Amino acid sequence: MTKFFFLFIGVLILSCSAPKKQIEQQSNAAPADTLSQFRYVLQFKGTLPCPDCSGIKTELTLINDNLLYVMKETNLGTSDTPRVTTGEWTTLRGYKKDDDAVVYWLNPEKKDERYYLKTGDSTILMLDKNEEIIQSQMNYSLKMVFEHIK
């Protein structure tokens, strides 16, 4: 099943632009060996809450060179096959009373957009569709595991 999934992803990538193809192929390897060829890369990992499973193991890689991202999500307890998505991202400046806050905006202007607020040097917090902090006792944060700046 996993081989079929990666074969499908490979075919899908071939139909996309070259930068997305390059990013997708590299997303399954070790960050230091593959992502360091880009000038600026941030990678975050964590487990986000899930209503139907034990959690969603999430890996988000932001590549500043071409403003593309790769997100790998795995529903724990229900599937060991990751769902890999790619798309564009940008940053928004300012949040609530903090004019210097950074919000990472995935898939700007599209139906499946997502927002992540930078809450510290190495943490981002998932926001809801209205760019608001999700009011919950559950943890919606991802931790930085890789940063590369040339």
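How many disulfides does the count come to? The count comes to one disulfide. The views below are taken from a predicted model.

**View 1. The protein chain has three helices and eight strands.**
The elements run α-α-α-β-β-β-β-β-β-β-β. The protein chain has 150 residues, and 41% of them count as buried. Its accessible surface comes to about 9,100 Å². Carbon and sulfur atoms account for 51% of that surface. Now take the contacts with a separation of 6 or more. Of these, 35% are between residues 24 or more positions apart.

**View 2. Eight strands close into a barrel.**
Follow the order β1-β2-β3-β4-β5-β6-β7-β8 around the barrel. The pairing is antiparallel. On average, neighbouring strands of this sheet are turned by 30 degrees against each other, direction ignored.

**View 3. A disulfide joins C50 to C53.**
The distance from S to S is 2.3 Å. A disulfide is a covalent bond between the sulfur atoms of two cysteines. The link of C50 and C53 is right-handed, with 125 degrees about the S-S bond. Are C50 and C53 buried or exposed? Both C50 and C53 are buried.

**View 4. Strands β2 and β3 form a hairpin.**
β2 and β3 run antiparallel, and nine bridges join them. Look for two facing pairs. L60 stands opposite M71 in β3. L62 has Y69 in β3 as its bridge partner. Between the two strands lie four residues. In this turn, L67 has a positive phi of about 55 degrees.

**View 5. Strand β3 also pairs with β4.**
β4 covers residues 83–95. It pairs with β3 in the antiparallel sense over six bridges. Y69 stands opposite G87 in β4. Y69 is also the bridge partner of L62. The hairpin of β3 and β4 has six residues between the strands. There, G77 takes a positive phi near 85 degrees. Why is β3 largely enclosed by the rest of the structure? Seven of the nine residues of β3 are buried, so β3 is largely enclosed.

**View 6. The largest nonpolar core has 14 residues.**
Five residues have the most contacts inside this core: L60, L62, Y104, L106 and Y116.

**View 7. L106 is in contact with residues from several parts of the sequence.**
Leave aside the neighbours of L106 within four places in sequence. Which residues is L106 then in contact with? L106 is in contact with L60, L62, Y69, M71, E88, W89, E113, R114 and Y116. Two of these, L60 and M71, stand opposite each other across β2 and β3. Another two, L62 and Y69, are bridge partners.

**View 8. Y115 lies in strand β6.**
Is Y115 buried or exposed? Y115 counts as buried because its relative accessibility is 4%, and buried means under 20%. Again leave aside neighbours within four places in sequence. Y115 is then in contact with L92, V103, Y104, W105, L125, M126, L127, D128, K129 and E131. Now look at N130. Y115 and N130 are 15 residues apart in sequence. In space they are 8.8 Å apart, C-alpha to C-alpha.

**View 9. Strand β7 is mostly covered.**
β7 spans residues 123–127. Four of its five residues are buried. β7 pairs with two strands, β6 and β8. β6 (residues 114–118) and β7 pair in the antiparallel sense over four bridges. K118 stands opposite I124 in β7. Together β6 and β7 form a hairpin, with four residues between them. β8 (residues 141–149) and β7 are also antiparallel, paired over three bridges. Here T123 stands opposite K143 in β8.

Notes. Residues are numbered from 1 along each chain as its sequence is written. This is a predicted model: local features need pLDDT of at least 70, side-chain atom pairs count only at pLDDT 80 or more; totals for chains, interfaces and linings use all residues. Side-chain values use heavy atoms; hydrogens and water are left out. A nonpolar core is a set of buried Ala, Val, Leu, Ile, Met, Phe, Trp, Tyr and Cys residues joined through side-chain atoms within 4.5 Å. Buried means under 20% relative accessible area, exposed over 50%, partly exposed in between (1.4 Å probe, protein chains only). Contact means heavy atoms within 4.5 Å. A disulfide is a pair of cysteine sulfur atoms within 2.5 Å. Two strands pair if DSSP finds at least two bridges between them. Axes are lines fitted to C-alpha atoms, for helices over the stretch in contact, and angles run from 0 to 180 degrees between N-to-C directions. Accessible areas come from the Shrake-Rupley method with a 1.4 Å probe; for residues, only the protein chains shown count as cover.
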